[in-house]
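Work through the exercises below with the sequence and the 3D structure open. Try each task before reading its solution.

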Amino acid sequence: MDAPGVEVHQHATTLYNSIYRGDDRMLVNAHVFGMNAYGAPLWHLRRESEGGVFDRYAESFGAVWALSRRAIKE
């Protein structure tokens with residue numbers, strides 16, 4: 001959490017995937033019941049046009065980010 005330009009937030013929403021975003025690239029790890037995250041599908045998305053899959057996930061990310069709070073370093 002000490003890396004320059006990196007923020008870690010926590011939230012209490014129920015999600016069905018984990019999203020890791022950096023600029024116009026994103027990793028989406030789909031949650032699969034009964035499977036650890038490392039075995040579930042991982043999609044590498046890039047923004048190539050407006051209104052595509054990347055933008056749908058970016059909207060979801062933004063909505064959860066707005067409800068989150070910055071993680072406290074322990």
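Helices (H or I, at least four residues) and strands (E, at least two) are DSSP runs, numbered from the N terminus. The model is predicted, so local features need pLDDT of at least 70 and side-chain atom pairs count only at pLDDT 80 or more, while totals for chains, interfaces and linings use all residues. Residues are numbered from 1 along each chain as its sequence is written, and side-chain values use heavy atoms, with hydrogens and water left out.

**Exercise 1. A salt bridge in a helix**

Task: Find the salt-bridge partner of R56 and state how far apart the closest N and O atoms are.

Solution: 
- Step 1. Start from the criterion: a salt bridge is a side-chain nitrogen of Lys or Arg within 4 Å of a carboxyl oxygen of Asp or Glu.
- Step 2. R56 meets this criterion with E59, and their closest N and O atoms are 2.6 Å apart.
- Step 3. Both residues are in helix α1; because they are three residues apart there, about one helical turn separates them.
- Step 4. Elsewhere, salt bridges with shared partners join D24, R47 and D55 into one network.

**Exercise 2. Two further salt bridges**

Task: Describe the salt bridges of R70 and of E48, and classify the accessibility of E7, E48 and R46.

Solution: 
- Step 1. The search of the whole structure finds five salt bridges.
- Step 2. R70 pairs with E7, at 3.8 Å between the closest N and O atoms.
- Step 3. E48 pairs with R46, at 3.1 Å between the closest N and O atoms.
- Step 4. For accessibility, buried means under 20% relative accessible area, exposed over 50%, and partly exposed in between (1.4 Å probe, protein chains only).
- Step 5. E7 is partly exposed because its relative accessibility is 43%.
- Step 6. E48, at 63%, is exposed, and R46, at 47%, is partly exposed.

**Exercise 3. The largest pocket**

Task: State how much space lies in the largest pocket and which strand gives the most to its lining.

Solution: 
- Step 1. On a 1 Å grid over the protein atoms alone, a pocket is an open set of points where a 1.4 Å probe fits, with protein on both sides within 12 Å along at least five of seven lines; lining residues have an atom within 4 Å of a point.
- Step 2. Grid points are joined across faces, edges and corners, and a volume is the space filled by probe spheres set on the points.
- Step 3. The largest pocket holds about 420 Å³ of space.
- Step 4. Its lining has 15 residues, and H9, H11, I19, F61 and W65 are the closest to the centre.
- Step 5. β2 (17–22) and α1 (53–67) each supply at least two lining residues; β2 gives the most, with five.

**Exercise 4. A residue in a strand**

Task: Locate W43 and classify its accessibility.

Solution: 
- Step 1. W43 is found in strand β4.
- Step 2. W43 is partly exposed because its relative accessible area is 39%.
- Step 3. W43 and A30 are 13 residues apart in sequence, and their C-alpha atoms are 8.1 Å apart in space.
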